[in-house]
Amino acid sequence: MVYSSNKEKIDDPKSLAKPITINSLGKFKKNAEKFVTVALYDAPMAAMAQKCGVEVVLVGDSLGMTVLGFDTTVPVTMEQMIYHIEAVKRGNDRSLIIGDLPFMTYGTTDRALENATRVMQAGAHCVKIEGGQWLVDTVKILSDRGIPVCAHLGLTPQSVHKFGGFRVQGRNEADAKQILTDAKMLAEAGAHAIVLECIPSELARLITQSISIPTIGIGAGRETDAQVLVINDILGLTEKPPKFAKNFLVEAEDIPGALKKYVRDVKTGIFPEDANIFL
């Protein structure tokens with residue numbers, strides 16, 4: 001038997017009893033209750049995720065690499081995102097669904113509004129966009145018009161060519177300060193959550209403590225408000241998995257068991273382990 005940080009007993013994660021909303025995420029943070037996110041792309045896996053207690057489903061442009069065979073997320077189109085968001089929505093009616101806006105579909109506020117509208121109409125409850133303070137006006141416009149926004153800082157995969165590869169961000173003082181500043185500005189502009197990817201755990205802790213909205217970590221240590229992993233990594237389908245990933249299927253009898261173990265380990269603070277953290 002294991003216990004979460006708020007002492008609730010977690011023996012075996014159950015199907016979500018009621019839909020998770022954007023307000024639910026704020027309550028999780030306020031109550032210091034970890035919540036669980038999985039990036040996935042189809043109806044059957046989406047249905048299984050809600051049955052295993054996954055509160056948030058991210059339909060990420062990572063599908064370019066995990067499903068479509070691209071080397072990066074850059075080639076992913078709006079049409080491909082819409083296709084997969086619609087599929088996930090058909091399989092899941094209780095997890096909160098976040099849909100990515102792909103590369104250069106939100107380069108201007110007008111384009112962002114147009115494409116965010118399409119993502120929401122496809123079934124998402126929130127849109128995710130990558131970038132720092134240059135997106136402040138975009139976040140404000142989308143939020144003011146009723147479109148919840150999840151920001152994304154640190155390693156932003158759509159900028160992989162600018163970074164020169166998939167590299168940990170925020171390791172020097174200037175970069176860390178900029179990421180923290182960006183997080184505060186995006187939160188003040190109306191973002192409802194922020195994904196922090198591949199940054200030192202201490203920086204993620206500082207950001208999480210400095211803003212009122214939830215942080216969702218991937219390769220960002222234990223002290224974010226939530227964790228996200230790609231379903232392929234959870235099930236050991238990635239040939240060369242990143243440091244922050246873990247194959248939960250090796251410790252489970254089947255796919256539902258792997259998802260339930262992931263949920264348990266996030267909620268109880270077992271995952272991420274030391275081996276998954278960047279210092």
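Buried, in this talk, means under 20% relative accessible area, exposed means over 50%, and partly exposed is in between. The model you see is predicted.

Ala-32 sits in the loop between helix H1, residues 22-30, and strand S3, residues 35-39. Is Ala-32 buried or exposed? Its relative accessibility is 52%, so Ala-32 counts as exposed. Its backbone is worth a look too: phi is positive, about 55°, although Ala-32 is not a glycine. Most residues other than glycine have a negative phi.

Met-104 is another case of positive phi in a residue other than glycine, with a value near 60°. You will find Met-104 in the loop between strand S5, residues 96-100, and helix H5, residues 109-121. With a relative accessible area of 49%, Met-104 is partly exposed.

One more backbone item. Most peptide bonds are trans. The bond joining Phe-271 and Pro-272 is cis, with omega about 5°. Pro-272 belongs to the segment after helix H11, which spans 255-267.

The largest nonpolar core has 89 residues. Leu-40, Leu-186, Ile-194, Ile-207 and Tyr-262 have the most contacts inside it. Which helix gives the most to this core? That is H8, residues 173-189, with seven residues. To see one of the core residues up close, take Ile-194. Leaving aside residues up to four places away in sequence, Ile-194 touches a set including Cys-150, Leu-153, Ala-183, Leu-186, Ile-211 and Pro-214.

Met-45, Ala-46, Ala-49 and Gln-50 are its buried residues. They lie on the same side of H2 because they cover an arc of only 135° around the axis. What do the buried residues of H2 pack against? The partners are strand S4 (56-59), H4, helix H10 (231-234) and H11. On the face turned away from the buried side, H2 carries the exposed residues Pro-44 and Lys-51.

There is also a nonpolar patch on the surface, formed by Val-67, Leu-68 and Phe-70. Together they have about 220 Å² of accessible area. Val-67 is in the loop between helix H3 (63-66) and helix H4 (78-91), and it counts as partly exposed at 45% relative accessibility.

Last, the charges. Side chains of opposite charge can pair when their charged atoms come close. How many salt bridges does the structure hold? There are 15.

One of them pairs Glu-55 with Lys-267, with the closest N and O atoms 2.7 Å apart. This pair links distant parts of the chain, 212 residues apart: Glu-55 is in the loop between H2 and S4, and Lys-267 is in helix H11. Both residues are buried.

Lys-246 takes part in two bridges that I will mention. Its closest N and O atoms are 3.3 Å apart in the bridge with Glu-251, and 2.8 Å apart in the bridge with Glu-273. Glu-273 lies in the segment after H11 and Lys-246 in the loop between H10 and H11, so this pair ties together parts 27 residues apart in sequence. Lys-246 is buried, at 14% relative accessibility. Glu-251 is partly exposed at 46%, and Glu-273 is partly exposed at 30%. Through salt bridges that share partners, Lys-246, Glu-251, Lys-261, Asp-265 and Glu-273 are joined into one network.

Terms used:
Residues are numbered from 1 along each chain as its sequence is written. This is a predicted model: local features need pLDDT of at least 70, side-chain atom pairs count only at pLDDT 80 or more; totals for chains, interfaces and linings use all residues. Side-chain values use heavy atoms; hydrogens and water are left out. A nonpolar core is a set of buried Ala, Val, Leu, Ile, Met, Phe, Trp, Tyr and Cys residues joined through side-chain atoms within 4.5 Å. Buried means under 20% relative accessible area, exposed over 50%, partly exposed in between (1.4 Å probe, protein chains only). Helices (H or I, at least four residues) and strands (E, at least two) are DSSP runs, numbered from the N terminus. Contact means heavy atoms within 4.5 Å. Patches are made of residues with over 30% relative accessible area and no salt bridge: like charges are joined within 9 Å, nonpolar side chains (Val, Leu, Ile, Met, Phe, Trp, Tyr) within 5 Å. Accessible areas come from the Shrake-Rupley method with a 1.4 Å probe; for residues, only the protein chains shown count as cover. A salt bridge is a side-chain nitrogen of Lys or Arg within 4 Å of a carboxyl oxygen of Asp or Glu. The arc is that of the directions from the helix axis to the C-beta atoms.
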